[in-house]
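Please look through the model below before reading on; the note that goes with it is meant for someone who has not seen this structure before.

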Amino acid sequence: MTATQISAQELFQAAYQNRYTWDQNFPGFTADITYKIDGHKLTGKVHIDSKLKAEVLDVEDEAAKKAIHNQAWEIAVHRVRRSFEQSHSENTFSYGETDETGAVEILVSGKAAGDKYKVRNDVVTLVHRHIHGVVVTINTFSIHDTGAGYLSHTYDAVYHDPQTGVQKGGRSEFTDEYEKVGNYYILNRREIRTETDGNIAVQEFIFSNLELLG
């Protein structure tokens, strides 16, 4: 079945439902965290409960604590299982262009008008969304196939001003690694390389001794 034989919504919905998420029985987890930036290394603990509320413990440095908490929150929010109807019932979808890789552009109308995605082989390879007063564009280059949905492995992110189109901040490249703990895949390493005006800053978050709660 080709993209032209099914609706844009069906194509996008299949990729949306192919993302790896945690089920309602996910108990939460604890981990030791090692945070590396600019030659410095800090350690502490991360606690994410069954409601996916994140907490950072034993980290005194406020900037580091915030950076770690942001990543813990990101880990949790992207594993929340929400139905396609919950996320996109007020949107409609149409086909755009097909790029040289075979990825099909999905254009959004309705509540999220102006957003767009690209889909290839049941994977969302591009996200272009208006979020909290900025436009974020994420390209996914490679994935982990868990057998129960995919997780992004390498991807980048760029932010722009929605009014002027001017880029805000640098371009960030991400590399994510996962391990299976019990029945769940959990991030155990994330590297972020951010290039701003020719300068590259590297952050690394290592989650070790991962243990499910309960």
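The points below concern a predicted model and take up strand pairing, salt bridges and surface charge.

1. Strand β4 (residues 91-98) and strand β5 (residues 104-110) pair in the antiparallel sense over six bridges, and in this pairing Asn91 stands opposite Gly110 of β5. The hairpin that the two strands form has five residues between them, and Gly102 there takes a positive phi near 95°.

2. The count of salt bridges comes to eleven. One of them joins the side chains of Asp32 and Lys45, at 2.7 Å from N to O; this pair links distant parts of the chain, with Asp32 in strand β1 (residues 29-37) and Lys45 in strand β2 (residues 40-48), 13 residues apart. Asp32 is partly exposed at 22% relative accessibility, and Lys45 is likewise partly exposed, at 38%.

3. Glu105 forms a salt bridge with Lys116, the closest N and O atoms being 3.6 Å apart, and the pair links strand β5 with strand β6 across eleven residues. Glu105 counts as buried because its relative accessibility of 13% is under 20%, whereas Lys116, at 27%, counts as partly exposed.

4. In a further salt bridge, Glu204 meets Arg189 with the closest N and O atoms 2.8 Å apart. Glu204 lies in strand β12 (residues 199-212) and Arg189 in strand β11 (residues 184-196), so the pair ties together parts that are 15 residues apart in sequence. Salt bridges with shared partners join Lys36, Arg189, Glu191 and Glu204 into one network.

5. On the surface, Asp58, Glu60, Asp61 and Glu62 gather in a patch of negative charge. Glu62 lies in helix α2 (residues 62-77) and is exposed, with a relative accessible area of 58%.

Terms used. Residues are numbered from 1 along each chain as its sequence is written. This is a predicted model: local features need pLDDT of at least 70, side-chain atom pairs count only at pLDDT 80 or more; totals for chains, interfaces and linings use all residues. Side-chain values use heavy atoms; hydrogens and water are left out. Two strands pair if DSSP finds at least two bridges between them. Helices (H or I, at least four residues) and strands (E, at least two) are DSSP runs, numbered from the N terminus. Patches are made of residues with over 30% relative accessible area and no salt bridge: like charges are joined within 9 Å, nonpolar side chains (Val, Leu, Ile, Met, Phe, Trp, Tyr) within 5 Å. Accessible areas come from the Shrake-Rupley method with a 1.4 Å probe; for residues, only the protein chains shown count as cover. A salt bridge is a side-chain nitrogen of Lys or Arg within 4 Å of a carboxyl oxygen of Asp or Glu. Lys and Arg count as positive and Asp and Glu as negative; His and the chain ends are not counted. The place of a charge is taken as NZ of Lys, CZ of Arg, CG of Asp or CD of Glu. Buried means under 20% relative accessible area, exposed over 50%, partly exposed in between (1.4 Å probe, protein chains only).
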